[in-house]
Amino acid sequence: TAALMRYLAYNSPCYDFGIFSQMFHSMRTTGIPITTCERNEAMSHFAVHVSPIYYLLLPFYMIVPRPETLLVLQVLGVLSGVIPLYLLARHFKLTEGSTVAVCLLYLSCAALTGGIFYDFHENKFLTALILWLMWAIERKKLPFVALFAVLTLSVKEDAAIYVIFIGLWMLCARREKKTGLALTVGATAYFLTVTKWLGEHGDGAMFNRFSNIIGSEGGIKELIRTALTNPALLLNECMTEDKLVFAACILLPLGFLPLMTKKLSSLILICPFVIVNLLSDYVYQHNLNFQYAYGTVALLFYLTVANLPHIPDFVSGFRTRRALICFALCAATLVGTVQIKNHSAVFHYYNTRKEDSAIIREVLAEIPDDASVRTASMFAAHLSKRSELYYLTNEADAEYVLLDLRPYINIASARGYDVEYFERQGYELLTEVEDVIAVLKKP
């Protein structure tokens, strides 16, 4: 509901919801994931991120071809992860009370609920797919292991990291050499192939998000070299204040159960959490309100249900297992409450800005569907059913320009792009509603 309110109140930015909305419209009409607002030129989104998973969502979008459909599919995808988690809990013979508690921890997990507020992203389907993969491994259902490994890889090129470490875990912790080797080698080969393709035909893999470790021009080789020759640097990068707070907000609501194992080889599944969320200085990768924890959280939940049965019921008369579960539930409630409070503004925003939203809706309805448009960020998703849609700051020779005049919307990159600027560029003012919206058109 909150994500839909955010979109309907014209508060979902071009990056990333406008991009994905236009991409799905293109997939529906042409079969190809073309966008113009991502890099301000007509190009395949797969030149930025390789995500074939989108085609599995396309049939649902074709039934109801609206941006809201993507938000609903995303929520359903995240919620569906509780099914394999429940099956894993039953596989490990957790009590009914512990099973219910673990499922509640999943449904209230701040790392899962937080990202839902930030529109649509493919990473959010990782949680359910990885949990299904772990269930298939536990149940030794090899066809399903292959299926969910392929689906996980199809989410994005860097999703290979989860399959690689799951394969290494199978090799080291479970001694399942054939399956573990197949997952590790297959995922590594896929990752190297896709990143090479991106480097030659696309924008290149985003290794720059690890520039704090490998420099601005480094790649996977430099990352491995640094890990082997300077582990102190890696440890230092993981121990900054914001990353420690982020880690605490994820591990406290799990009662630190993912770490409670005597089998150190099981901690291999912690490695993606360290690499993806803690090593990078890209601030969004260690922020609960974005999409970068969805894969790592799946492995942490698996470790939770796998480790819980090995926690003794009593230690010196103390109900250890029950205490850990109660602690986790209390921590999850605390972290979740703080997060919901931080996001509660969206409900106030939606209810108090209805008049402005109605005006914007009427104005946008007057823009022809086949017209090329340069638009302010928050209008992009609503105008995405067209072949030419550009962000406001692009110098494309579009037919229409839409300006967001709402004083409570502050997009720094759009400063200076006002009515006067576009009139100097030869545009004529068609509509202007004070402190709401302006529309200009090329004569």
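Okay, quick definition before we start: when I say buried, I mean under 20% relative accessible area. And keep in mind that this is a predicted model.

Let's begin with Arg6. At 15% relative accessibility, Arg6 counts as buried because the cut-off is 20%. Its salt-bridge partner is Asp119, with N to O at 2.7 Å. That pair ties together distant parts of the chain: Arg6 sits in helix 1, Asp119 in the loop between helix 7 and helix 8, and they're 113 residues apart. Asp119 is buried too, at 1% relative accessibility.

By the same rule, the count comes to 9 salt bridges. Another one is Arg66 with Glu68, closest N and O atoms 2.6 Å apart. Here Arg66 is partly exposed at 44%, while Glu68 is buried at 12%.

Then there's Asp397 with Lys442, at 3.8 Å. That one also links distant parts of the chain, 45 residues apart, with Asp397 in the loop between strand 6 and strand 7 and Lys442 in the segment after strand 9. Asp397 is exposed at 65%, and Lys442 is partly exposed at 25%. There's a network as well: Glu138, Lys140, Arg174 and Glu176 are joined by salt bridges that share partners.

So what about disulfides, how many are there? The structure holds 0. Take Cys326: the nearest cysteine sulfur belongs to Cys330, 6.6 Å away, and Cys326 is partly exposed at 40%.

Last stop, helix 18, residues 320–343: 24 residues, reaching 34 Å from first C-alpha to last, close to the 34 Å expected. Its buried residues include Leu324, Ala328, Ala331 and Val335.

Conventions: Residues are numbered from 1 along each chain as its sequence is written. This is a predicted model: local features need pLDDT of at least 70, side-chain atom pairs count only at pLDDT 80 or more; totals for chains, interfaces and linings use all residues. Side-chain values use heavy atoms; hydrogens and water are left out. A disulfide is a pair of cysteine sulfur atoms within 2.5 Å. Buried means under 20% relative accessible area, exposed over 50%, partly exposed in between (1.4 Å probe, protein chains only). Helices (H or I, at least four residues) and strands (E, at least two) are DSSP runs, numbered from the N terminus. The expected span of a helix is 1.5 Å times one less than its number of residues. A salt bridge is a side-chain nitrogen of Lys or Arg within 4 Å of a carboxyl oxygen of Asp or Glu.
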